[in-house]
Every structure is written in C-alpha cells, then in structure tokens.
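Please keep the sequence and the structure in view while reading.

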Amino acid sequence: MKNIMNLALGIVTSIGGFLDVGAIATAALAGAAFGLQMMWVLALGTICVMFLTEMAGRLACVSHHSLVDAVRERCGFRYFSFLLVGELIVDLLVLAAEIGGVAVGLHLVTGIDYRWFVPIVAFALWLLIWLGTFSIVQNGTSLLGLITLAFVVGMWWMGPPWHEALKGLIPSAPSHDAARYWFTAVGIIGSLFEPFMLNFYASGAIEEKWSLKDIPMNRVTAVLGMGFGAIIAGSLIILSALTLGAHGIRVDSYEQAAMMMLDPFGSWGIPLFAACLATACFGASLQVALNLSYLFSQGFGWNWSENLKPHDDARFALVYTAAIPVGALLVVVLGNPLQITTFSMALNALLAPVIVFPLLILMNDRRYVREYRNHTFGNVVVSAIVVIAFVIAAVAIPLEVLGG
Amino acid sequence: MADKEGGEVRAPRPGRPPDVLPLVRDVLDKQVVDPDGCKIGKVDSIVLQLRAHRPPRVISIEISQAAAWRRLHTRLGDFADWLRARFEPGQDRPPRVLFEHFVRGGIDVIVDIPWKHTRARVWEDWLQERIIQRIPGGHRGGQK
C-alpha cells in the first residue's frame with residue numbers, strides 16, 4: 001500500500017514538474033494559432049522527455065550522483081562551465097517567467113497590476129524554501145497543481161474532435177505562417193526539455209534517498225508522470241483550439257489565454273484559469289530556484305540538501321536567496337511575462353543539447369551506472385534525442401527572430 | 001573492478017601496474033568527501049612538486065575557484081585569485097589538501113581529514129556567521 005502511495009505521489013509530482021508556465025503558454029499559443037496541427041510536437045517531446053527523465057533518475061538511483069555532479073566529474077570543468085553559465089541565464093529567465101505567471105494569476109483574479117504581486121510572490125517562494133523540507137516543497141505544491149486537471153475537464157466539456165486530434169499526431173507542415181509555426185514547435189519542445197527539470201528530478205531522487213530498489217518505480221514514475229502531464233498539456237492545446245482558435249483570438253498575453261476557459265466554465269473560467277496558472281507556476285518556480293542552488297552546490301562540491309537547515313548548507317541557501325530577487329526584478333524590468341516565457345523556452349531549446357549529450361556518456365559509464373547502463377535501444381533513442389536537440393538548438397534563435 | 005557501494009575504482013585494469021592512479025580520470029574534478037561524509041569541494045587542480053634530478057611528485061589537491069577558472073582561461077583564474085585575495089575572510093593562500101590524506105579515488109575522492117581541518121569551507125563558515133545566522137530560522141543546524 002505504501003509503495004502504491006509513493007508511486008501515486010511520484011506521478012503527481014512529475015505532472016507538477018511537467019506542467020509549468022512554459023507548457024501552459026506554448027500549448028495555448030499552439031492551439032489558438034494552429035488548431036490541433038501541433039499535437040505531434042507535444043507527443044514527440046513527451047516521448048523524449050520520458051526517456052531522459054528515466055535515465056536521470058536511474059543515474060541518481062545507482063550512483064547517488066545528480067546529473068550536474070556527474071557532468072562536472074565526467075566531462076570536466078570546461079564543459080561544466082558552459083552548462084553553469086547557460087543554465088544560470090536560462091534558469092533565471094525561467095524563474096522570472098514562473099514568478100510572472102503566479103503574479104498574472106493573482107492579477108486575473110484581483111484586477112490589480114501584476115507587478116505589485118511580484119515581491120509578495122518572491123517572498124512567499126523564498127520563505128517556503130527556507131523553512132520547508134524537500135517533500136513539503138515538492139509534494140505540497142504538486143498536489144495543489146492537480147487543479148490543472150480543470151483543463152482536461154474543460155476540453156471534455158467542449159466535446160473534442162478526437163479524429164482531428166489523432167490526425168494532429170501525424171507530423172505535418174504548416175498551411176500558413178511557417179516561421180511562427182516552427183517557432184511555436186521549438187517553444188513546445190523547449191518547455192518539455194527544460195534542463196532544470198532533469199537535474200531537479202535527479203537531485204530529488206537523491207534527496208529522497210532513492211536506491212537500486214527504486215529503479216522500477218523511477219521507470220513507472222517517469223513514463224506515467226510525464227504521460228499524464230502530456231495529457232493535460234494536450235487538453236490545453238485542444239481547448240485553446242476549440243475556443244480561442246475558433247474565435248480567431250491570437251494569444252499575445254495571459255489575459256487572452258485565460259479566455260479559453262470562458263466557454264466551458266462561464267464566469268468561473270477566468271478565476272479557474274488564474275488558479276491553474278498560479279499554482280502550476282508557483283510549484284515550478286520552487287523547482288527552478290532550488291535547481292539553481294543544486295547547480296552551484298553540486299558543480300562546486302558544496303554541502304547541499306533542502307532537508308538541511310540553512311545553517312548547515314549556507315552557500316546552498318545563499319544561491320536561492322540571491323536568485324529569487326533577481327528573478328523577481330527581471331519580471332518587473334522586462335515586462336510582459338508571456339514574452340519572457342516564450343523567449344526563455346527558446347533558450348531552453350538552445351541549452352538542451354548541453355545537458356542531454358552527457359547523458360549518452362554517463363549512461364554507458366560502468367563506474368556510474370554499473371550493470372544498469374543503457375542497452376542498445378536506449379542508446380539509439382538518446383542519440384536520436386541528442387540529434388533532435390542539436391537541430392532545435394541550431395534553429396531556435398533564427399526562428400526567434402523570424403517567428404517570435 | 002567496480003566497488004559495489006559507490007563505483008570507486010580501486011583495482012587496476014589488466015596490464016597496468018598495480019600502483020597506478022589515473023589522476024585525471026579518478027581524481028581531477030571529483031567530489032572530495034571527508035571521513036564523516038561531509039562534502040569538502042571538488043578537486044579543482046592537482047599540485048605537483050618539482051624536484052631536482054628526480055621526477056615530479058604529487059603533493060596536494062587544490063579546492064579553489066581560482067584554480068578551476070584558470071583551467072578555462074588564465075585571466076579568469078587571475079581574476080578569481082584577485083577576488084579571493086581581496087575578499088576571502090582570513091585567507092592568504094588557496095585551500096589545499098595534502099595528498100598524504102588521500103584514501104581512494106573513483107567517482108568520489110575520499111580523504112581522511114575532517115573538513116573542519118581544511119580551509120576549503122572558509123566561505124561556508126563566514127556565511128553562516130555573518131548572514132545566515134542573522135536571518136530568522138538560520139541560527140541552528142540539523143535536519144529541518
């Protein structure tokens with residue numbers, strides 16, 4: 001019974017990790033602009049991220065080293081420095097986007113300018129990390145994040161065209177606005193390949209003291225958690241297509257995205273969208289802020305654990321204490337949180353190969369994963385993912401200019 | 001041969017002399033852990049002593065941001081060294097752990113000296129005293 005509970009909790013937390021401001025924004029944009037035509041991008045990205053998450057978890061279960069730890073140790077300081085600088089920039093932007101998402105959620109309910117909520121959200125975020133344990137941070141917010149099932153209910157209420165949705169799973173070229181189509185595709189992939197998520201997942205496995213006996217649970221959690229997360233994101237695309245797309249609304253802000261909930265839920269729609277956005281983004285912002293601490297602590301070999309009091313891992317605590325105000329400041333300075341989100345998703349795609357490529361080496365290194373190393377099929381899949389990640393990274397910035 | 005607990009490599013590969021320790025593979029960039037399991041830092045550099053008419057000898061491992069950044073570019077290392085000399089509390093030289101404290105390498109480097117006896121955590125102590133302890137909830141250690 002305890003195992004089933006752990007598994008259920010693991011799946012819920014994976015859904016929480018999957019659905020954040022990037023997934024919500026890119027799914028809403030895709031559905032509104034291109035209907036169900038981009039379902040295949042979500043499906044492809046989900047399959048890739050299932051494999052990557054399982055590998056990051058397996059690495060942690062066997063070696064008790066996180067991805068960042070192992071990258072520094074196996075690939076050296078020079079490679080790690082690229083990852084450090086890249087992830088610092090991207091994570092700060094994603095943190096800004098997530099804090100902005102929570103603030104916009106509160107703005108949608110109260111009507112007060114979202115900027116006023118930014119310091120309050122940032123302080124609440126810091127306080128929860130400062131005082132909370134890993135399981136409180138992870139499980140508490142993820143359980144709250146289940147409110148995002150409202151997107152599935154809304155989609156169901158609207159009577160989805162299943163035949164069209166299935167047709168959307170077959171890759172197809174855009175009928176119009178090609179640059180924007182491919183930019184949105186890169187954004188969806190970027191929202192799934194978020195580098196912070198892989199290391200956070202592996203660090204979480206170490207925090208929770210996963211060991212060899214947890215390898216099967218890791219596999220099920222990675223597949224079902226990411227799968228359920230994709231179902232919610234897919235529901236968002238369909239709902240957005242049936243409501244915003246049908247009315248010809250182009251999503252340029254979260255206020256417009258929120259209108260997708262009006263048709264299925266009436267006057268409750270906007271508060272419900274706001275609650276979904278705020279809870280999903282709050283959970284994700286906790287993960288990003290913590291991941292920045294993991295990144296520095298693991299990369300430089302400091303003591304780290306969210307379960308330790310800040311006194312015992314002062315440098316770990318200092319990193320998130322410094323990162324959260326910077327993220328908050330970025331939201332206020334850069335403005336429109338939706339634009340920060342789409343831009344940071346493109347940067348995610350740019351950084352993805354830097355974190356994905358070492359997995360190919362690490363998952364074949366006996367010293368780290370012993371007899372649990374990748375088989376031929378796993379290596380073929382991760383090689384394909386590396387190629388996809390490199391292609392997407394190469395086109396991300398040109399598409400940002402052309403279609404962003 | 002891989003150790004069952006943590007993947008540390010102790011025994012040599014076939015054909016290699018029994019007392020060989022591949023420094024770059026099994027020491028450089030690895031996590032340094034003390035006898036109590038405390039993380040001291042990463043091995044940022046390995047220091048050799050040059051001796052007249054005799055081969056160089058490994059004398060210590062260096063746990064230092066400056067040493068790490070110097071591997072990327074000399075100027076980055078110099079800048080990190082200047083920052084350390086200018087701001088690091090109570091420090092005048094980079095923290096080194098003598099190689100005589102080395103126990104074994106692998107995916108972690110185990111040393112037999114407690115972290116408190118090294119100078120690698122000077123910033124950790126400084127932050128604890130000057131900043132963390134002054135924030136409510138930051139004055140005591142242990143599990144949350």
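Is the crossing of α2(A) and α9(A) left-handed or right-handed?

## Basis of the report

The model is predicted: local features need pLDDT of at least 70, side-chain atom pairs count only at pLDDT 80 or more, and totals for chains, interfaces and linings use all residues. Residues are numbered from 1 along each chain as its sequence is written, while chains are lettered from A and ligands numbered from 1 in the order in which they are written.

## Helix α2 of chain A and its partners

The crossing of α2(A) and α9(A) is left-handed; this term applies if the near helix is turned anticlockwise from the far one by less than a right angle, and right-handed applies if clockwise. Helices (H or I, at least four residues) and strands (E, at least two) are DSSP runs, numbered from the N terminus. Helix α9 of chain A covers residues 178-192, and its axis is 9 Å from that of α2(A), at an angle of about 155°. That makes α2(A) roughly antiparallel to α9(A). Axes are lines fitted to C-alpha atoms, for helices over the stretch in contact, and angles run from 0 to 180 degrees between N-to-C directions. Angles under 35 degrees count as roughly parallel, over 145 as roughly antiparallel, 65 to 115 as roughly perpendicular and the rest as oblique.

Residues in this contact include Gly22(A), Leu29(A) and Phe34(A) of α2(A), and Tyr181(A), Gly187(A) and Ile188(A) of α9(A). Two residues are in contact if their C-beta atoms, placed from the backbone, lie within 7 Å. By class, there are seven nonpolar, six polar and one charged residues in the contact of α2(A) with α9(A). Here Ala, Val, Leu, Ile, Met, Phe, Trp, Tyr, Cys and Pro count as nonpolar, Asp, Glu, Lys and Arg as charged, and the others, Gly among them, as polar.

Helix α2 (residues 21-34) of chain A also meets helix α16 (residues 337-362) of chain A, where the axes come within 10 Å and cross at roughly 100°. The two helices are therefore roughly perpendicular to each other. Val21(A), Gly22(A), Ala25(A) and Thr26(A) face Leu338(A), Thr341(A), Thr342(A) and Met345(A) here. The contact of α2(A) with α16(A) has four nonpolar, four polar and no charged residues.

Val41(A) belongs to helix α3 (residues 39-63) of chain A. With 25 C-beta neighbours inside 10 Å, Val41(A) counts as buried; the cut-offs are 20 or more other C-beta atoms within 10 Å for buried, 12 or fewer for exposed, and in between for partly exposed. Ala185(A) is 144 residues away along the chain, yet its C-alpha atom is 6.3 Å from that of Val41(A). Beyond its neighbours within four places in sequence, Val41(A) contacts Ala185(A), Ile188(A) and Ile189(A).

## Chain B and the interface

Chain B has four helices and seven strands. Of its 144 residues, 30% are buried.

The contact between the chains takes 31 residues from chain B and 30 residues from chain A. On the side of chain B that touches chain A, β1 (31-33), β2 (39-42) and α4 (122-130) of chain B each supply at least two residues. That side divides into 11 nonpolar, 12 polar and eight charged residues.
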